[in-house]
Amino acid sequence: MTEIIDSFKKIAIEISEAIKTKDTGKVETQNSSGDIQAKLDVISDEIVEKHLLNLPSVKEIISEEKESAVSKNEGKYLVAYDPLDGSSLIDVDLSVGTIFGIYENGYNGENIVASGYIVYGPRVELVVARDIVEMFRLNEKTKEFEFVKEINLDKKGKILGPGGTQKYWYPYHKKMIDDLFMEGYRLRYSGGMVPDLHQILLKGGGLFAYPGAEDKPKGKLRKLFEVFPFAYVYKKAGGFAIDGENDLLELETKHPHDTTPCFFGSEYEIKRVKEVYKGQK
Ligand code: AFP
């Protein structure tokens, strides 16, 4: 598993360089979720694939940018990744990220054994969740990632990232979000899952919500590439990750590009989500 984490350090440096130098425009193609691809989506996917397929411990890789997996005759781990999450933010120079989940014997929530993400912002930072959650920062001079700290969430936070289109939120969800703001939570939402969830982790806690809604009853964020990896990070950091009712890592995957409503946060906030959503049963 260490070789996979080390590989993402090399991937981070190459994708960071591509973000700074390559064209931020769109290509004509769509990915398997029907999203128009940015040129950097394709470039980033090629960078990740090039590195991972060379690793003896990797048996299979599957990308958010591709319909199906690429398998090998050797290896133990299955790696699901979103090579460049938030690519619609590239042309406005906001932070974006790479997300990865390392799985064994399948792609259900219970199969994830490690995960991590890279934030491409004013600095390049890597967060890795194994038994604990560790944060590293790229030293631009030495091109080495240096350990910064272990990440742990407080029982209650102060910031709130309410995803999705408010026009389509279910009334009980909108009331829950409004009530939290009236309790003094501060709005922190950029439209990039990686920086938005990174901020909550580094600020000690809060709530990120991408709910089911009238336009997207099953939410928008993908289980394999986005939701399960961050659920693993949040739980290892002492937080919680649910679909409104169930622990996200108890969910099964029927199709590689399945989505799910998702809530990530501290104990106090996730308890509130459960109370509100239980009341709708
Ligand atoms: P893009 O990759 O199209 O920019 O979408 C980013 C994302 O998948 C995730 O990073 C965000 O949390 C979420 O979409 C934002 O979605 P909304 O724009 O609907 O809030």
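A charge is said to sit over a ring if NZ of Lys or CZ of Arg is within 6 Å of the ring centre and within 35 degrees of the ring normal. The exercises below concern a predicted model, in which local features need pLDDT of at least 70, side-chain atom pairs count only at pLDDT 80 or more, and totals for chains, interfaces and linings use all residues. Residues are numbered from 1 along each chain as its sequence is written, and side-chain values use heavy atoms, with hydrogens and water left out.

**Exercise 1. Identify the rings over which Lys9 and Lys156 lie.**

Step 1. The charged end of Lys156 is placed over the ring of Tyr268, at 4.9 Å from its centre.

Step 2. Lys9 lies over the face of Phe136, with 5.1 Å to the ring centre.

**Exercise 2. Describe the setting of Glu183 and its link to Tyr268.**

Step 1. Locate the residue. Glu183 belongs to the loop between α3 (171-182) and β12; helices (H or I, at least four residues) and strands (E, at least two) are DSSP runs, numbered from the N terminus.

Step 2. Glu183 has a relative accessible area of 40% and is partly exposed, where buried means under 20% relative accessible area, exposed over 50%, and partly exposed in between (1.4 Å probe, protein chains only).

Step 3. List its partners. Not counting residues up to four places away in sequence, Glu183 touches Tyr268 and Arg272; contact means heavy atoms within 4.5 Å.

Step 4. Examine the link. The side chains of Glu183 and Tyr268 are joined by a polar contact of 2.9 Å. Such a contact is a pair of N or O atoms within 3.5 Å; within protein, one must be able to donate a hydrogen and the other to accept it, and residues adjacent in sequence count only if both atoms are side-chain atoms.

Characterise the aromatic pair of Tyr189 and Phe208.

Step 1. A search of the whole structure finds eleven aromatic pairs. Rings of Phe, Tyr and Trp (its six-membered ring) pair if their centres lie within 6.5 Å; planes under 30 degrees apart count as stacked, over 60 as edge-to-face and the rest as tilted.

Step 2. Tyr189 and Phe208 form a stacked pair, with 6.1 Å centre to centre and 25° between the planes.

Step 3. Tyr189 lies in the loop between β12 (186-187) and α4 (193-202) and Phe208 in strand β13 (residues 206-210), so the pair ties together parts that are 19 residues apart in sequence.

Step 4. Tyr189 is partly exposed at 34% relative accessibility, whereas Phe208 is buried at 2%.

Step 5. Ring pairs link Tyr189 and Phe208 with Tyr117, Phe230, Tyr234 and Phe264 into a cluster.

**Exercise 3. Determine how α4 is placed and what follows it.**

Step 1. Eight of the ten residues of α4 are buried, so the helix is largely enclosed by the rest of the structure.

Step 2. Among the buried residues of α4 are Met193, Leu197, His198 and Leu201.

Step 3. Gly204 follows α4 and has a positive phi, near 95°.

**Exercise 4. Describe the largest pocket and its lining.**

Step 1. The volume of the largest pocket is about 420 Å³. On a 1 Å grid over the protein atoms alone, a cavity is a set of points where a 1.4 Å probe fits but cannot get out, and a pocket is an open set with protein on both sides within 12 Å along at least five of seven lines; lining residues have an atom within 4 Å of a point. Grid points are joined across faces, edges and corners, and a volume is the space filled by probe spheres set on the points.

Step 2. The largest pocket is lined by 23 residues, of which Asp85, Gly86, Ser88, Lys220 and Arg222 lie nearest its centre.

Step 3. The elements that give two or more residues to this lining are β5 (77-85) and β13. β5 gives the most, with three residues.

**Exercise 5. State where Asn105 and Lys143 lie and give their phi values.**

Step 1. Asn105 is not a glycine, yet its phi is positive, about 65°. Asn105 is placed in the loop between β6 (96-103) and β7 (112-120) and is exposed at 73% relative accessibility.

Step 2. Lys143, a residue other than glycine, has a positive phi near 60°. Lys143 lies in the loop between β9 (133-139) and β10 (144-150) and is partly exposed at 36% relative accessibility.
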